Amino acid sequence: MDTDTKSGISKEKPNLQSGGSHDREFDFTKADFDRVCQLIYEHAGISLGPSKQDMVYSRLARRLRANRLESFREYLAILESNNEVEWEAFVNSLTTNLTSFFREPHHFPILAEHVAKQKGRHCALWCSAASTGEEAYSMAMTMVDTFGTFTPPVSIIASDVDTQVLAKAELGIYPLESIEKLPEDKVKRFFLRGAGEKAGLVRVRKELRDMVIFRQINLLSDNWPIRPPLDAIFCRNVMIYFDKETQLKILERFVPLLQQDGLVFAGHSESYYQATHLFKLRGNTVYELEKSAQPAYTGELSNSGHRTHRGHHGHRRTR
Ligand SMILES: C[S@@+](CC[C@H](N)C(=O)[O-])C[C@H]1O[C@@H](n2cnc3c(N)ncnc32)[C@H](O)[C@@H]1O
């Protein structure tokens with residue numbers, strides 16, 4: 001039987017006729033599913049197609065049990081009443097968090113080269129859909145290898161909308177299998193193996209954990225607590241959950257956050273063809289700013305000696 005890793009339970013096939021099912025634990029009508037889709041789209045930008053009905057049922061059925069509810073209608077009423085705790089659990093339930101260390105390994109030498117090119121200037125990196133942290137720690141390992149120190153001139157902020165995965169990311173504890181493809185020297189330098197009741201687990205060494213700051217950031221929210229200028233944004237395997245309009249809005253907001261030569265790293269199946277006026281493909285799903293796009297920081301000095309900042313509409317401001 002197929003199992004959904006997030007809910008941990010088998011994917012039952014709910015009957016989605018308009019009247020709901022009579023042989024399932026909970027009725028799940030087409031109207032219930034449509035409302036769930038609308039709410040998660042409005043809040044997190046996630047577009048759930050009809051093929052996700054089974055997944056949604058199995059993940060949210062768990063929330064109904066936790067709240068001792070008898071129907072999706074009651075559950076939706078709790079969400080509509082803006083219950084913050086349930087909203088967090090709702091979003092956490094509907095995200096898909098698949099990730100791994102050095103997933104798409106070709107991105108990391110490109111990141112290393114880009115940062116090394118800045119010749120010791122402090123660099124800032126943002127991992128914007130960090131899930132359980134493997135990607136951000138891969139960025140940190142790459143920085144340690146590039147600069148030969150656990151205190152490189154680089155800051156790494158990693159964020160996600162899902163608070164549950166962020167808690168795991170901060171802990172930095174993973175199953176042993178998650179590092180089995182890593183070279184032995186990386187394993188030795190960056191991980192501690194669990195013993196006794198922790199056997200079968202590894203933990204990212206504290207020196208590496210200390211290099212990454214994790215924060216909850218919803219890419220859809222108006223407020224991103226991210227300080228420009230950034231040298232690279234990893235926005236990998238999250239845009240696929242958004243529609244083109246949402247993707248474009250997010251890409252537009254990346255522009256003023258980036259250094260003029262800043263890079264955006266996308267997932268293997270993501271492309272920014274809707275934003276060719278902003279980003280051009282450098283290769284290997286890595287994007288750089290189009291010449292006409294206005295980044296935040298030109299690197300020029302104003303009369304006062306401060307670096308010049310361009311606002312969203314190209315107006316100049318001084319920090
Ligand atoms: C498939 S994982 C990708 C993880 C990692 N970037 C990688 O490529 O391995 C997608 C992540 O995007 C996050 N996500 C979904 N919607 C989001 C949003 N609106 N804002 C921020 N993160 C979001 C999910 O919680 C999930 O952890």
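Guide: Helices are DSSP runs of H or I with at least four residues, strands are DSSP runs of E with at least two, and both are numbered from the N terminus. The structure above is a predicted model, and in its protein chain these elements come to 10 helices and 15 strands.

Visitor: In which loop does T96 lie, and is T96 buried or partly exposed?
Guide: T96 is found in the loop that runs between α4 (84-94) and α5. A residue needs 20 or more other C-beta atoms within 10 Å to be buried.

Visitor: How far is the C-alpha atom of T96 from that of I46?
Guide: T96 and I46 stand 50 residues apart along the chain. In the predicted model, the separation of their C-alpha atoms is 10.0 Å.

Visitor: What average pLDDT does the protein chain have, and over which residues is the pLDDT below 50?
Guide: The chain averages a pLDDT of 89, and 86% of its residues score at least 70. One stretch with a pLDDT below 50 has 31 contacts in the model beyond near neighbours in sequence, while another such stretch has 28. Where pLDDT is low, the predicted coordinates should not be read in detail. The average is therefore 89, and the stretches below 50 are residues 11-21 and residues 299-319.

Visitor: Which residues of helix α5 are buried, and why are they on the same side of the helix?
Guide: Helix α5 spans residues 107-116.

Visitor: What do the buried residues of α5 pack against?
Guide: Their partners include one helix, α6 (134-147). The strands they pack against are β3 (123-127), β4 (154-160), β9 (230-235), β10 (258-266) and β12 (286-289).

Visitor: How many residues surround the ligand, and which are the closest?
Guide: By class, the shell around the ligand has 10 nonpolar, 9 polar and 5 charged residues. At least three of its residues come from each of domain 1 (3-94) and domain 2 (107-310). The residues that surround the ligand number 24, and the closest are T95, T99, A129, S131 and N237.

Visitor: What is the phi of S131, and is S131 buried or exposed?
Guide: S131, which is among the closest residues to the ligand, sits in the loop between β3 and α6. Its phi is positive, at about 50°, although S131 is not a glycine. With 25 other C-beta atoms within 10 Å, where 20 or more are needed, S131 is buried.

Visitor: Where does N237 lie, and what is its phi?
Guide: N237 is also among the closest residues to the ligand, and its place is in the loop between β9 and α10 (244-254). N237 has 21 C-beta neighbours inside 10 Å, so N237 counts as buried. N237 is a residue other than glycine, yet its phi is positive, near 55°.

Visitor: Which peptide bond is cis, and what is its omega?
Guide: P229 belongs to the loop between β8 (212-216) and β9. The cis bond runs from P228 to P229, and its omega is near 5°.

Visitor: Which residues does L76 touch, not counting residues up to four places away in sequence?
Guide: L76 lies in helix α3 (residues 72-80) and is partly exposed, having 18 other C-beta atoms within 10 Å. Its C-alpha atom is separated by 9.4 Å from that of L39, a residue 37 positions apart from L76 along the chain. With those sequence neighbours left out, L76 touches D32 and R35.

Visitor: What share of the contacts with a separation of 6 or more joins residues 24 or more positions apart?
Guide: The protein chain has 319 residues, and 34% of them count as buried. Among the contacts in the chain with a separation of 6 or more, the share from residues 24 or more positions apart is 66%.

Technical notes: Residues are numbered from 1 along each chain as its sequence is written. This is a predicted model: local features need pLDDT of at least 70, side-chain atom pairs count only at pLDDT 80 or more; totals for chains, interfaces and linings use all residues. pLDDT is the predictor's confidence in each residue, from 0 to 100. Two residues are in contact if their C-beta atoms, placed from the backbone, lie within 7 Å. A residue is buried if 20 or more other C-beta atoms lie within 10 Å of its own, exposed if 12 or fewer, and partly exposed in between; C-beta atoms are placed from the backbone. A residue is near a molecule or strand if its C-beta atom, placed from the backbone, lies within 6 Å of it. Ala, Val, Leu, Ile, Met, Phe, Trp, Tyr, Cys and Pro count as nonpolar, Asp, Glu, Lys and Arg as charged, and the others, Gly among them, as polar. Domain bounds come from an automatic or database domain assignment.
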